Structure formats: structure tokens, C-alpha cells
Amino acid sequence: MYKNLTVQYFRRAHCALVVYDVTRRETFENLEKYIHKLDENCPEDTVKLLIGCKTDLRPVTVFSQMDDFVTTDEAEKFAKQLNLKYIEVSLLEPEPTIEKTFELIFKSCTQLMKKRCLRQV
């Protein structure tokens with residue numbers, strides 16, 4: 001039943017936020033299946049935003065164990081391949097990243113709504 005409900009939400013989506021944890025590679029590796037679900041069920045012009053969270057926990061030295069961490073370069077390449085907007089956030093340092101995220105969502109959705117309205121005229 002839960003899966004049927006999510007599909008109903010997808011069908012009317014103006015924006016989809018796909019969030020993963022930069023400190024847990026498995027969350028990054030699972031993104032494709034969720035994005036595929038969005039592509040199957042959302043309107044074609046739905047704004048999709050990929051968000052890497054917990055960036056403050058990513059190691060900053062070359063001696064840190066990097067195996068499980070997702071780099072900014074990896075995520076940016078992935079987002080570009082799938083034509084997604086990409087942003088990284090840290091809740092410990094919410095400004096400007098959280099604010100910037102909501103500005104990007106608002107701006108993208110506003111542009112989308114204008115396009116949809118023009119198509120109906």
C-alpha cells in the first residue's frame with residue numbers, strides 16, 4: 001500500500017528532493033533506483049534536486065579513511081549525468097547551504113510553474 005501512495009504523490013510533483021548521506025556510500029549507491037522511480041512516475045518537467053547531507057562529517061585530511069565517503073566530484077558527475085541540480089548541505093553549518101537549497105527549490109519551481117501555465121494558455 002505504501003508504494004502505491006508514493007506513486008500518487010509522484011504524479012503531481014513539481015519538485016523532488018533526493019537526499020543521501022555523504023558519509024555513507026550505500027545511500028549514494030542506492031540513488032539510481034529512487035531516481036528511476038521518479039522518472040517513471042513524475043511529470044517529465046519535474047525539478048529534481050540531489051542533496052548531499054552531513055558534509056561537515058566528511059574527513060578533511062588525506063590520511064582519513066575515505067572508502068565510505070562520497071566526494072563532491074563523484075556526486076557532481078552523477079548529478080550531471082542524470083540532469084539533476086546538485087547541492088551539498090550541513091545542518092551544523094546551516095547558512096548559507098540550507099538557505100541556498102530552499103532558494104534553488106523556490107526558483108526552479110517558480111520557473112516550472114510559469115512554463116506549465118504558458119502551455120495551458
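Reader: Which residue stands opposite Lys48 in strand 2?

Author: Ala16 stands opposite Lys48. The model is predicted, so local features need pLDDT of at least 70 and side-chain atom pairs count only at pLDDT 80 or more, while totals for chains, interfaces and linings use all residues. Residues are numbered from 1 along each chain as its sequence is written, and side-chain values use heavy atoms, with hydrogens and water left out.

Reader: What makes strand 1 and strand 2 a pair?

Author: Two strands pair if DSSP finds at least two bridges between them. Strand 1 and strand 2 have seven bridges, in the parallel sense, so they qualify by that rule. Strand 2 is also joined to strand 3 by four bridges, again parallel, and in that pairing Leu49 is opposite Lys85. The strands themselves are DSSP runs (E, at least two residues), as are the helices (H or I, at least four), numbered from the N terminus.

Reader: Why is strand 2 called mostly covered?

Author: Buried means under 20% relative accessible area, exposed over 50%, and partly exposed in between, with a 1.4 Å probe and protein chains only. Seven of the seven residues in strand 2 are buried. One side has Val47, Leu49, Ile51 and Cys53, and the other has Lys48, Leu50 and Gly52.

Reader: What confidence does the predictor give the protein chain?

Author: The mean pLDDT (the predictor's confidence in each residue, from 0 to 100) is 80 for the protein chain, and 83% of its residues reach 70 or more.

Reader: Why are the buried residues of helix 4 said to be on the same side?

Author: Those residues are Ala75, Phe78 and Ala79, in a helix that runs over residues 72–81. They cover an arc of only 95° around the axis, so they lie on the same side of helix 4. The arc is that of the directions from the helix axis to the C-beta atoms. An α-helix has 3.6 residues a turn, so residues three or four places apart point the same way. The face turned away from the buried side carries the exposed residues Asp73, Lys77, Lys80 and Gln81.

Reader: What covers the buried residues of helix 4?

Author: The cover includes strand 1 (15–21), helix 2 (25–29), helix 3 (31–41), strand 2 (47–53) and strand 3 (85–88). After helix 4 comes Asn83, with a positive phi near 60°.

Reader: What makes Arg25 and Glu74 a salt bridge?

Author: A salt bridge is a side-chain nitrogen of Lys or Arg within 4 Å of a carboxyl oxygen of Asp or Glu. The closest N and O atoms of Arg25 and Glu74 are 2.8 Å apart, so the pair meets the definition. The pair links distant parts of the chain, with Arg25 in helix 2 and Glu74 in helix 4, 49 residues apart. Arg25, at 17%, is buried, whereas Glu74, at 29%, is partly exposed.

Reader: How many salt bridges does the structure hold?

Author: There are four. Among them is the one between Lys54 and Asp21, at 3.2 Å from N to O. Lys54 lies in the loop between strand 2 and helix 4 and Asp21 in strand 1, so this bridge ties together parts that are 33 residues apart in sequence. Lys54 has 38% relative accessibility and counts as partly exposed, while Asp21 has 7% and counts as buried. Another joins Arg24 to Glu26, with the closest N and O atoms 3.1 Å apart.

Reader: What makes a set of residues a nonpolar core?

Author: The set must consist of buried Ala, Val, Leu, Ile, Met, Phe, Trp, Tyr and Cys residues joined through side-chain atoms within 4.5 Å. The largest such core has 17 residues, and Tyr20, Phe28, Leu31 and Leu50 have the most contacts inside it. Strand 1, helix 3 and helix 4 each give two or more residues to this core. Apart from it lies another core, of seven residues, including Leu49, Cys53, Ile87 and Cys109.

Reader: Why does Ser108 count as buried?

Author: Its relative accessibility is 5%, and the limit for buried is under 20%. Ser108 belongs to helix 5 (residues 94–120). Beyond residues up to four places away in sequence, Ser108 touches Val47 and Lys85, where contact means heavy atoms within 4.5 Å. Ser108 and Cys15 are 93 residues apart in sequence, with 8.2 Å from C-alpha to C-alpha.
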